[in-house]
Amino acid sequence: MSEDSVAEIRDLRVEVGGRALVDGVSLRVPPGKVVALVGASGSGKTTTGLALLGEYPAGARVSGEVRRAPGAVGYVPQHPGAVLHPALRVGVLLRDIARAHGRDRDDLRQALADARLPEGEALLRRYPHQLSGGQQQRIVLAQALLPRPRVVVADEPTTGQDPETKRQIAERFAAVAARGIAVVLLSHDLDVVRALADEVLVMRAGRVVESGPAERLWRAPRHEWTRRLLDAEGVPPADGVGRGVGGVLPVGGGGVGRGVGGVLPVGGGGVGCGVGGVLPVDGGGVGCGAEGVPPVEGGGMGCGVDGIPPADGDGIGRPVLEVRDLTAVHGRTPVLRVPRLVLRAGECLAVVGRSGSGKTTLGRCLAGLHRHHDGTVLLDGVPLPRSLRHRDRERLAAVQYVFQDARAAFDEHRPVLDQVARTAVRLRGADAHAARAEALDTLARLGLTGDLPHRRPGALSGGELQRAALARALLARPRVLVCDEITSGLDTVTRRALLDLLAGLPADRPGLSLVLITHDPQTARLAQRTVVVEAGHVTERAPGPLTVCCEVGHKGSRVKSLEGSEAVVRRLGRHRRTRRCP
Amino acid sequence: MSPGSFVARRLLLGAAQTAAVVLLVFALTEALPGDAAVALAGDQPDPARIAALREALELDRPAHERLADWAAGLLHGDLGTSLTSGRPVTRYLADGFGPTLLLAGLTLALLVPLGFGLGVLAARRAGGALDRLISSVSLAVYAVPEFALGVLLVTVFALRLAWLPPTAVGYGTDLLGHPAALVLPVLVLLARPVCSLSRLVRAGMVDALAAPYTAHARRYGVPERRILWWHALPGAAAPAVQQLARTADWLLCGVVVVEALFVIPGLGTVLLNAVAERDVPVVQGLAVVFGVVTVVLNLGADLVAHRLTPRAGAAA
C-alpha cells in the first residue's frame with residue numbers, strides 16, 4: 001500500500017450467483033480525506049464500502065485486492081437502528097467495544113463528544129427505540145470512533161433527513177475528517193457529497209464510470225451518466241444559464257445554481273430575501289426556479305405563484321378534512337398541538353418540519369394511526385373515530401396513507417398486483433376481477449407495466465414499490481391521501497420521477513386532496529399551502545416561494561453561528577460566498 | 001405506552017382472569033348432569049344418600065348465594081371441606097403442595113441451564129455435527145411420552161440394575177430426606193421440556209446470531225462469548241421465557257402421570273384421588289389453585305418478555 005493511504009482497493013470484483021455486484025473497482029483513501037462513492041441505489045456503493053471492512057455478501061466470489069492500515073475500520077450503516085440491539089440499552093455495546101479495545105471511560109466520553117453527543121452519557125441508558133434517528137446515527141458513529149479507526153465508512157448518512165439535519169451530519173463528518181480519519185462516503189445525496197468530498201467516484205451498475213477531485217467533477221463532468229446524475233439533482237432552468245457558468249457558484253441575482261437545494265440551499269434564496277418578505281409576485285418565481293424546479297408547469301398543481309389561496313384559504317373547494325383543538329401525546333408527553341387546520345377538496349398541503357418535530361404524528365392522527373389525542377378530526381363535518389379500528393370501510397377508504405418505507409409496507413410473499421387489488425375488494429367491496437383490472441390500470445398509469453405488477457415486492461426497486469404503494473392507496477378512491485416522506489430514501493432520478501407523478505395526480509383525480517409530509521423542499525413545492533411543524537407547534541406559512549426564502553434566511557444565520565469550527569469553515573468554504581441573506 | 005401502564009393493565013387482566021377461573025369452576029360443577037349430589041352418589045343412586053349429599057352440599061340454596069359464599073370463603077383462604085373425610089380442602093392442598101413444589105423446583109433448576117445451554121451450543125455451530133446431534137436426540141426424546149419414559153427408566157435403573165428406588169412408597173412427604181427417590185421422577189419430568197426449550201432457544205439464537213446488530217458487535221471485536229450470552233441471547237430468550245412459564249405451570253399443577261407412576265403424594269395424586277372419590281370440593285379447590293397458578297406464571301412471563309422486547313406495544 002502506498003505511503004499516503006489508509007485503505008486501498010484494487011480491481012475488486014464481487015460476484016454473487018454469477019452476477020457481478022461490483023466489477024473492476026479501484027480506489028485509494030488518503031488519511032483525513034473524504035472519498036465519496038456516488039450513484040443510484042444498486043450501483044455497488046455499499047458492496048464496495050463493506051469490502052473495506054472485509055465483509056462480503058454471503059456466497060460471494062471475490063477477486064482483487066483490498067488493503068487497509070492496521071486498526072479497526074468504523075462503519076455507519078444506512079439504517080443505524082438496524083445495528084443497534086433492540087433489547088439492549090445502547091450503552092452496553094459501547095462499553096463492550098471500549099473493553100475490547102482497551103479504552104477507558106474518558107475515551108468513551110471523548111468518542112461521544114466527537115460524535116456530537118455531549119449529553120451522551122444520559123442517552124446510554126436508553127433503548128434504541130427511545131432515540132431519534134439522528135441520535136441513533138450519532139451513537140453508531142461514536143461506536144465507530146471509539147476504537148480510534150483510520151477509516152470510517154458512512155453509508156447514506158443523510159438519506160431521509162431534513163436539510164438542517166443534513167447540514168449537521170455533514171458538519172459531523174467534516175469534523176471526523178479534520179481529525180485525520182479518512183471518511184468513505186457512500187451516498188446518492190449529491191448535496192452532502194458536494195459539501196464534503198475531496199474525491200468522488202461515480203458508480204453505475206457495479207463499475208466506476210468516472211472519478212476525480214470533487215471540484216473538477218462538478219465543473220466538468222466527463223461521463224454522460226455523471227451529467228445525468230447531476231442534472232437530476234436540480235433541473236436546470238430553461239435558459240440553461242446554470243450549466244454555462246458551472247453551477248457550483250450561482251453568479252449574481254439570476255439565481256441559477258443547478259443543484260443548490262439541499263444541505264445548503266443558498267442560491268435563489270438570496271433573491272427571494274431581497275424582496276424582503278413581501279408576497280413574492282415576481283421574485284418568487286425566480287426563487288423557485290433557482291431552487292431547481294421549473295415554476296408553474298408542475299403538471300396542474302399550480303405550483304409557484306399562481307393559484308395560491310390567501311393564508312386563511314377560502315378558495316379551492318369546500319373543506320374535506322378539518323382538525324380542531326388537537327393535542328397528541330406520546331405517553332404523557334404532548335408532542336403536537338393543532339388548534340385548527342382545514343384541508344379543502346383538490347388541495348395539496350405540504351407539512352414540513354425537522355425530523356422529530358411531530359409532522360408524522362399529524363399525518364398519523366389524520367389516518368387514525370395515532371389515537372392518543374384529544375382533538376376532533378372531521379371528515380365532511382362529521383367527526384372521524386380516532387383509531388382506524390373504529391372507522392368503517394368507507395371512512396377507512398376516505399383517508400389513505402402512503403408510508404416512507406414502501407418495502408416494509410408490502411407482504412414479501414405475494415405478488416404486488418394482488419396486494420394492490422386487495423384494497424378495492426376490502427374497502428370498496430369490488431369483485432376480485434374488477435379490482436384486478438383497475439389495479440393493473442392504475443399501476444400502468446403510474447408507470448408499472450409489463451410483468452412488473454405480477455412480481456413479488458423483492459423483485460421491484462424502491463421507486464417502483466413506492467409507486468405500487470401509491471397505486472394501492474389510490475385504489476381505495478380516497479378523498480385524502482397522506483404521503484409520509486415518500487420521496488426520501490430514493491435516489492435523485494427516481495425521486496424526480498415520483499415527484500412528477502405526484503404533480504400529475506390532481507389532474508387525474510379531481511377532488512383528491514394531498515397531504516405531503518416532507519422535509520424535501522422540492523417535494524414541498526408541489527403544494528399550494530405549507531404548514532410548518534416546529535417542536536409540535538403547527539403554523540401556516542405564507543405560500544410557496546416565500547417559504548424557500550425564509551428557510552434560507554434561517555439556515556444562513558444558523559450556518560454563521562456554527563463557524564467557530566475551523567474544519568467546518570474549511571469544508572463549507574466553497575458555499576460561503578453565496579450566502580447573502582440578511 | 002409506558003412500562004408502568006403495561007404492568008398495570010396486565011395485572012388488571014390477571015385479576016379478571018382469576019375471577020373468570022373461579023366462575024368457570026363453579027359453573028362447571030353446576031353443569032354436572034342432575035346435580036353434584038346425583039353425580040356423587042355414583043353407580044348406586046340411593047335416594048337417602050342423595051338427599052344427605054344435597055344437604056351437605058347445600059344444594060337446596062339458590063346458585064348465586066352458594067357462589068357468593070364460596071367466593072367469600074376463597075378470599076379468606078377457605079376452600080370448603082372434603083366430602084369424604086370432612087377435612088378442610090386447604091389441608092389436602094398443603095400436604096400435596098410440598099412434594100409437587102420440590103419436584104417442580106428441582107426440575108426447573110436443572111431445566112433452565114440445560115435448555116438454554118444446549119440451545120446456545122447448537123445454534124453456535126448451526127448445521128454442524130453437534131447441532132445435528134442435539135437436534136435429532138431432542139426430537140427423538142420429545143417424541144416419547146412421560147409414562148413410557150418413566151416405565152422404561154424404572155425397568156432399567158430400578159428393577160434391572162437396582163441403582164435407584166422404583167417409587168417413593170414409604171417415604172411420605174419427606175422426599176428431601178431420600179434424594180435417590182427423586183432422581184427418576186425428575187429425569188422423566190425434565191426430558192421433554194429440555195427438548196422443547198432447547199429447540200426454541202436454538203431457533204431464536206440462529207436468528208439473533210445472523211442479525212445485523214450481532215454482525216456490528218463482531219465488527220468491533222467484541223469477544224464471541226460476550227456476543228453469544230449477552231447480545232444474542234436476550235433477543236432469543238423472549239419466546240423461551242413464555243415456554244418456560246408453561247412448563248412451570250405444568251409442573252406446579254401436579255404432573256398426574258409421573259406422580260402416579262412413582263407414587264409421590266403431590267397435588268397430582270390428591271387430584272387423582274379426589275376425582276376417583278368424587279370429592280367435589282377438593283376438585284373445585286384444586287381447579288381454582290391451578291387456575292391461579294397458571295394466571296400468575298403467565299403474568300410473570302409476559303412481564304419478563306416485555307422487558308426483553310422493549311419495543312413491543314410501541315405501535316398504534
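Does A:Tyr401, at 12% relative accessibility, count as buried or exposed? A:Tyr401 counts as buried, because its relative accessibility is 12%; buried means under 20% relative accessible area, exposed over 50%, and partly exposed in between, with a 1.4 Å probe and protein chains only.

This is a predicted model, in which local features need pLDDT of at least 70, side-chain atom pairs count only at pLDDT 80 or more, and totals for chains, interfaces and linings use all residues. Residues are numbered from 1 along each chain as its sequence is written, chains are lettered from A and ligands numbered from 1 in the order in which they are written, and side-chain values use heavy atoms, with hydrogens and water left out.

**Aromatic pairs**

Over all chains there are three aromatic pairs. Rings of Phe, Tyr and Trp (its six-membered ring) pair if their centres lie within 6.5 Å; planes under 30 degrees apart count as stacked, over 60 as edge-to-face and the rest as tilted. Select A:Tyr401 together with A:Phe403: this pair is tilted, at 4.6 Å centre to centre and 50° between the planes. A:Phe403 has 35% relative accessibility and therefore counts as partly exposed.

Next, select B:Phe157 and B:Trp163. Their ring centres are 5.8 Å apart and their planes lie at 45°, so this pair is tilted. B:Phe157 is partly exposed at 24% relative accessibility, whereas B:Trp163 is exposed at 61%.

**Chain B as a whole**

Now display chain B, which has 13 helices and zero strands. Helices (H or I, at least four residues) and strands (E, at least two) are DSSP runs, numbered from the N terminus. Of the 316 residues in chain B, 41% are buried.

**Two neighbouring helices**

Select residues 180-210 of chain B, helix α8, and residues 212-219, helix α9. Their axes come within 4 Å and cross at roughly 55°; axes are lines fitted to C-alpha atoms, for helices over the stretch in contact, and angles run from 0 to 180 degrees between N-to-C directions. The two helices are therefore oblique to each other, since angles under 35 degrees count as roughly parallel, over 145 as roughly antiparallel, 65 to 115 as roughly perpendicular and the rest as oblique.

Which residues of α8(B) meet α9(B)? They are B:Ala208, B:Leu209 and B:Ala210, which meet B:Pro212, B:Tyr213, B:Thr214 and B:Arg218.

**Charges over rings**

Finally, select B:Arg87, whose charged end sits over the ring of B:Tyr92, 4.9 Å from its centre. A charge sits over a ring if NZ of Lys or CZ of Arg is within 6 Å of the ring centre and within 35 degrees of the ring normal. B:Arg192 lies over the face of B:Tyr142, at 4.5 Å from the ring centre.

Notes:
Contact means heavy atoms within 4.5 Å.
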